[in-house]
Amino acid sequence: MTGSTAATFTADDYRARMGRAARAAAEAGLAGLLVAPGPDLVWLTGYTPPAVTERLTLLVLAAGQDPVLVVPALEAPDAHRAAGASALTLRDWTDGKDPYAATAALLGAAGRFGISDNAWALHLLALQQALPGSSYASLTEALPMLRAVKDAAELDLMAAAGAAADATFEEIRAVPFAGRRESEVAADLDRLLRGHGHEQVDFTIVASGPNGANPHHEAGERVIARGDMIVLDFGGLRDGYGSDTSRTVHVGEPTDEERCVHDLVREAQEAGFRAVRPGAACQDVDRAARRVIADAGYGEYFIHRTGHGIGVTTHEPPYMIEGEERPLVPGMCFSVEPGIYLPGRFGVRIEDIVTVTEDGGRRLNTTTRELVIVE
């Protein structure tokens, strides 16, 4: 996490997050939470270890107990400098000592614990050996909505990341496309995102012509030609919070069919956005967008969910997909990104990040959703 993000949140903010997480764990019937290095640890404490190694670093949270961060002694000075350090107790251990026995003493003899998804199997198995009566559930399974609802400061950071991605699109649409490789345009996207404040770029999809029919195409050496439809999908982290936007552009004038398909995806994206309101189910957003595409006869070519949550990672719960009946809550942020993918020909995707408001939804991406002509 960058220094500017750490400055945004105080120790009181992290204390509140840890308290909320511990209470949510108790309400879910868990004895506590075990949080390894990764996005959850950053969100809860403001701490990112200098390196992720085989040495155990673990935040222990339980209702009615003070938070404890178990860290290797050689990394304790870094942990002490974290923005949330004063809101927890640091328990360090030295090489040659057993960190699992020390951690087990914080947990009790038995119980079911939530553990962050990216915890190493090495550490989980050692804890199970130290506490044979314990069991574990991934945080995504046990507390999928832990980070889903953003507060006002987080929403400001999400909006700033979205604005940076929008500024990137406004600049990329002016660069030459025809005669250049996809990888060259992808490099431009990376450079522009970083120039607009992103410390991390997670993806720069440039899918031209038939490659556009692959939603997760990796930009390659294909030379872009006049007449190509091009799906651009790019984003990453700016001050620790995610951006993710997709626009589809065309080199030169499109055919009537290409324009028709693009207009259809734009209509579907608008329908998905208009379905966003507090209390609506996540699947309602998917249904609204998918219905437009299916009614036009292209349903089999919309091959992915309509959206995913976003925050301190670019993909996280909730997911806008059939079967997800979880209600939308003000402060949730997620993508609305329907697409049509015609194998061997072209693809179209239009994507905005949307946040739920008290009476509907607000787009965090505001660039034109019309088909943009590039050269």
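This is a predicted model: local features need pLDDT of at least 70, side-chain atom pairs count only at pLDDT 80 or more; totals for chains, interfaces and linings use all residues.

1. In the protein chain, consider the contacts with a separation of 6 or more: residues 24 or more positions apart account for 67% of them.

2. The overall make-up may be stated next. The secondary structure of the protein chain comes to 11 helices and 18 strands. Its radius of gyration is 23 Å, close to the 21 Å that the globule rule gives for 375 residues, so the chain is as compact as a globular protein of that length. The C-alpha trace spans about 70 × 40 × 35 Å along its principal axes.

3. On burial and surface, 54% of the 375 residues of the protein chain count as buried. The accessible surface comes to about 15,000 Å², and carbon and sulfur atoms hold 51% of that surface.

4. Glu182 deserves attention, together with its partners His217 and Ser208. The side chain of Glu182 makes a polar contact with the side chain of His217 at 2.7 Å, and the side chain of Ser208 makes a polar contact with the side chain of Glu182, also given as 2.7 Å.

5. Where is the place of His217? His217 is in the loop between strand E7 (198-208) and strand E8 (229-238). Its relative accessible area is 12%, and because buried means under 20%, His217 counts as buried. Leaving aside neighbours within four places in sequence, His217 is in contact with Glu182, Ile205, Val206, Ala207 and Asn211.

6. Ser208, by contrast in its placement, belongs to strand E7. Ser208 is buried, with a relative accessible area of 0%. Beyond the neighbours within four places in sequence, the contacts of Ser208 are with Glu182, Arg222, Ile224, Asp228, Met229 and Ile230.

7. Aromatic residues form a further topic. How many aromatic pairs does the structure hold? The structure holds four aromatic pairs. One of them joins Phe9 and Tyr14 in an edge-to-face arrangement, with 6.3 Å centre to centre and 70 degrees between the planes. The pair counts as edge-to-face because its angle of 70 degrees is over 60.

8. Two arginines are placed over aromatic rings. The charged end of Arg290 sits over the ring of Phe302, at 3.9 Å from the ring centre. Arg363 lies over the face of Phe273, and here the distance from the ring centre is 4.1 Å.

9. Pro327 is found in the loop between strand E12 (316-320) and strand E13 (333-336). Is Pro327 buried or partly exposed? With a relative accessible area of 41%, Pro327 is partly exposed. Pro327 and Pro278 are 49 residues apart in sequence, and their C-alpha atoms are 7.1 Å apart in space. Not counting residues up to four places away in sequence, Pro327 touches Gly279, Ala280, Ala281 and Met332.

10. Thr255 lies in the loop between strand E10 (245-251) and helix H10 (256-274). Thr255 counts as partly exposed, at 42% relative accessibility. Thr255 and Thr140 are 115 residues apart along the chain, and their C-alpha atoms are separated by 44 Å.

Notes: Residues are numbered from 1 along each chain as its sequence is written. Side-chain values use heavy atoms; hydrogens and water are left out. Helices (H or I, at least four residues) and strands (E, at least two) are DSSP runs, numbered from the N terminus. Buried means under 20% relative accessible area, exposed over 50%, partly exposed in between (1.4 Å probe, protein chains only). A polar contact is a pair of N or O atoms within 3.5 Å; within protein, one must be able to donate a hydrogen and the other to accept it, and residues adjacent in sequence count only if both atoms are side-chain atoms. Contact means heavy atoms within 4.5 Å. Rings of Phe, Tyr and Trp (its six-membered ring) pair if their centres lie within 6.5 Å; planes under 30 degrees apart count as stacked, over 60 as edge-to-face and the rest as tilted. A charge sits over a ring if NZ of Lys or CZ of Arg is within 6 Å of the ring centre and within 35 degrees of the ring normal. The radius of gyration is taken over C-alpha atoms; the globule rule is 2.2 Å times the number of residues to the power 0.38. Accessible areas come from the Shrake-Rupley method with a 1.4 Å probe; for residues, only the protein chains shown count as cover.
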